[in-house]
Every structure is written in structure tokens, then in C-alpha cells.
Amino acid sequence: MDMVAGMAGGEGRPGEATPPDPLARLRAATAARRAAGLGRVLRPRTPDHDGLIDLASNDYLGLARDERLAEAAVRAAREWGTGSTGSRLVTGTTTLHADLEDRLRAFTGAARALVFSSGYLANLAAVATLGAGGLVVSDAGNHASIIDGCRLSRARVAVTPHRDVDAVEKALADRSEEHALVVTDAVFSVDGDLAPLRELHEAAVRHGALLLVDEAHSLGVTGERGQGAVHAAGLAGYPSVVITVTLSKALGAQGGAVLGAPEVVETLVDTGRPFIFDTGLAPSSAAAALAALDIVNAHPDLPGQARRHAAALARACADRGLAATDPAAAVVPVVLGPPEAALRAAAVFAEHGVRAGCFRPPSVPQGRSCLRLTARANLGPDDLAVIGRALTAVAEMKVNV
Ligand SMILES: Cc1ncc(COP(=O)(O)O)c(C=O)c1O
């Protein structure tokens, strides 16, 4: 009998002492998380978000279900197949990947681009590879994929307080390592605020460091035509600036990319393990992202619409006494404190016909559980009226806690 299968069923060999149950500690930890309001549940949704207004996804430009993207994806799947068939260095680089890299490069103003199968892997590769053997200076609010890249780099990591340029400057000045990488989200994924990019760039240049900026929440939303926060800060194409993007949010597709100087891309191609040992992005996703870039170029008003709707959501929160900061892009957090309050507020939203993101530790620090509202370019006036009623109910819920 298969030993593992036998033990998993609680059936040790007759006459032998019962071995410890290897799943017991997992059950206990899960029970403890649930008791603390930190259990997580996967809820399969329908294509129309179960009939709710979507204020939870990262589909900032409303492109994820756009016919033009779907058509492009279908055509690519028919022509190229449903998978890229290999790692980028073997058979996983198609002419679609090369086109996409060229278009992303041109859109963001970077010298070169390298496409990955996700934004997570783009960050993992960029931080781990560019940080290895040196110092990585990372903002305390950075996304998990950056934190994991720091771990993988085995570099010394200095985590600096959120948006604290002086702390970055000090970490760079005090280092003994020869090279250093400063890494920050452009727009922070939960707080929705903007990193001080120009000041960080000045600090990085002064100390001979690279600046890596994750544009996951700013590409397609920030800047006049959605070219991202680095472009808006006038830093596009600077050799010391590296950016990472995801194709999975404003561009409505799937995948990611690292953009920067030729030396950066060449280093990642030669040595970036998350690049080398991963199957290339599916052709249909590359084609969908290309179609999204066509749309963004043809409709330069889309990013501004998403930003205006975010500002309207923030105003609606403030009008009801709910803490809201000025959103830098489309992310509008409503901080409620304990995880139970965030869960209750998400339920109130659902009762009003709106789906909001509900963020609890470890996705946010203790005491900062929140609803995360994400604006979309294609929200209508009726949607905003319904959302207003949901926010009123959450404000009343807060008063009554
Ligand atoms: C700031 C940030 N960076 C990177 C990622 C990862 O991108 P992807 O979802 O394409 O893997 C995300 C998405 O969740 C994110 O919010």
C-alpha cells in the first residue's frame, strides 16, 4: 500500500504506533486565522460580477471584457495555439512577444522591454537580479512581489518608512555595499498614494544607485495619456530608472514586463531566474495587451476618466465622514480599522449591489483593514449614485459600531 496515502487516511500499519498527523498544525492555524477574522474564501464569480457593480477589480480602463481584446486573443490563440510552448529562451518568444516589447517600450519611453508571464514574476526577477550582492532599499508599503524579490535577492535589505526620502538617502549614504537598488511602487496598491519619484531619483543618482519603480497601478491611469508615473515625472528613458508593469490591470490582459536600459534587459535575459525558468506569456495574452495599447493610444481620454471617477469616489467618502485621501490613480482605500469592520462594510456594499475589495492583514498592517475601492473609466452616473448609497450605509455602520 502507498505509505503516504495510507497515513493520510489515518491508517498506519497494524500494530504500529499512530504517527503524528502532518495536517494537524495546518488545521489549528486555519482555525486560529478564522477566529481572528482573517480566514479567506474563494468565491467564484459570474462574467457580470454576479450582477454587482465592480468596484473591486483592477480593470481600471474597463478593457478586460472589451470585444477588441477578446477578438485579438482569439485570433492569436487560433494562429499560435493556446500556450507559448516553452520558456522565452527556447520556443516561448513569438513575434507577438517582440511586438509587445516594442510597443511597451515606445509607450513608456523606455529603451528596452522584456515581457514576463506575470507582473509578479517581473518584480521578482527585477528585484532579485538587480539587487543581488548589494543593498536593496525598499519602501515599507511595497507590494508583496517586491518583498519576495528582496528575499530572493539575498541582498541586505533596508526597509524604509513609507514615502520617506530622507531615510532612503541615509540608507544609501551609510551602505558598505558597492551597488544599491532603490525600489518603490509608483502608486501604492492599497493606499493609492504616489511615491516621491523625482526625489527618489535624485537620491538614487547622488549615490550611484538604480531606481526601480513598479507601475502596476499607474500604467494606463497616471500621466496625460496613461504612460505611467515615471513618464509623468519626466523620468522616462533615464538610464538609472527601471520600471516594472503588469498587463493584468489597466490593460485588461495578463502578464508583466520590465523596462529599462539595454544593460538591465540583457542581465535579466542572461541571469534572471524567474525569466529563464518560466514558460513565456501565452500568445493570446500578448495579443490582448497589444489590442489594449491600440485602444489607449486611440482614446487618450480613458486614463483621465478613470482618475476623475477615483476623485469622485474619494469626494463621496469624505462627504460622508469616511477617511479618504486624494487618489493618485484609481485606487481609493476606505480605512475601517479592525478586520471585522472591513468584512461588515464589504457585506453592506454587496447588499447595496456593489462589490468592493476587502483588505485585511497580512495584506495591510494591523489596524488598517479597509475597503479598497477601484475606479474604472467606464463607471456611469447610475453606478456612482448606487455607490453613494452604499457609502452612506457604511458611514452609518461605522457610527453604530
Ligand atoms: C503593485 C503590484 N505589483 C505587482 C503586481 C503583480 O502583478 P500581476 O498580478 O500581473 O502578477 C500587483 C498585482 O497584484 C501589484 O498590485
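Helix α10 spans residues 262-271, and its buried residues are V264, V265 and L268. Down the axis of α10 these buried residues fall within an arc of 95 degrees, so they line one face of the helix. The model is predicted. Its chain averages a pLDDT of 94.

**Helix α10**
- The face turned away from the buried side of α10 carries exposed residues: P262, E263, E266 and D270.

**Helices α5 and α6**
- On the α5 side, the contact is made by G119, Y120, N123, L124, A126, V127, A128 and G131.
- On the α6 side, S145, I146, D148, G149, C150, L152 and S153 make the contact.
- By class, this contact has 8 nonpolar, 6 polar and 1 charged residues.

**Confidence**
- A pLDDT of at least 70 is reached by 96% of the residues.
- Over residues 1-8, pLDDT stays under 50.
- For residues 1-8 the model has 4 contacts beyond four places in sequence.
- Where pLDDT is low, predicted coordinates should not be read in detail.

Note on methods
Residues numbered from 1 in each chain as written. Predicted model: local features only at pLDDT ≥ 70, side-chain atom pairs only at ≥ 80, totals over all residues. Buried ≥ 20, exposed ≤ 12 C-beta atoms within 10 Å, placed from the backbone. Helix = DSSP H or I, 4+ residues; strand = E, 2+ residues; numbered from the N terminus. Arc of directions from axis to C-beta. pLDDT = per-residue confidence, 0-100. Contact = placed C-beta atoms within 7 Å. Nonpolar A, V, L, I, M, F, W, Y, C, P; charged D, E, K, R; others polar.
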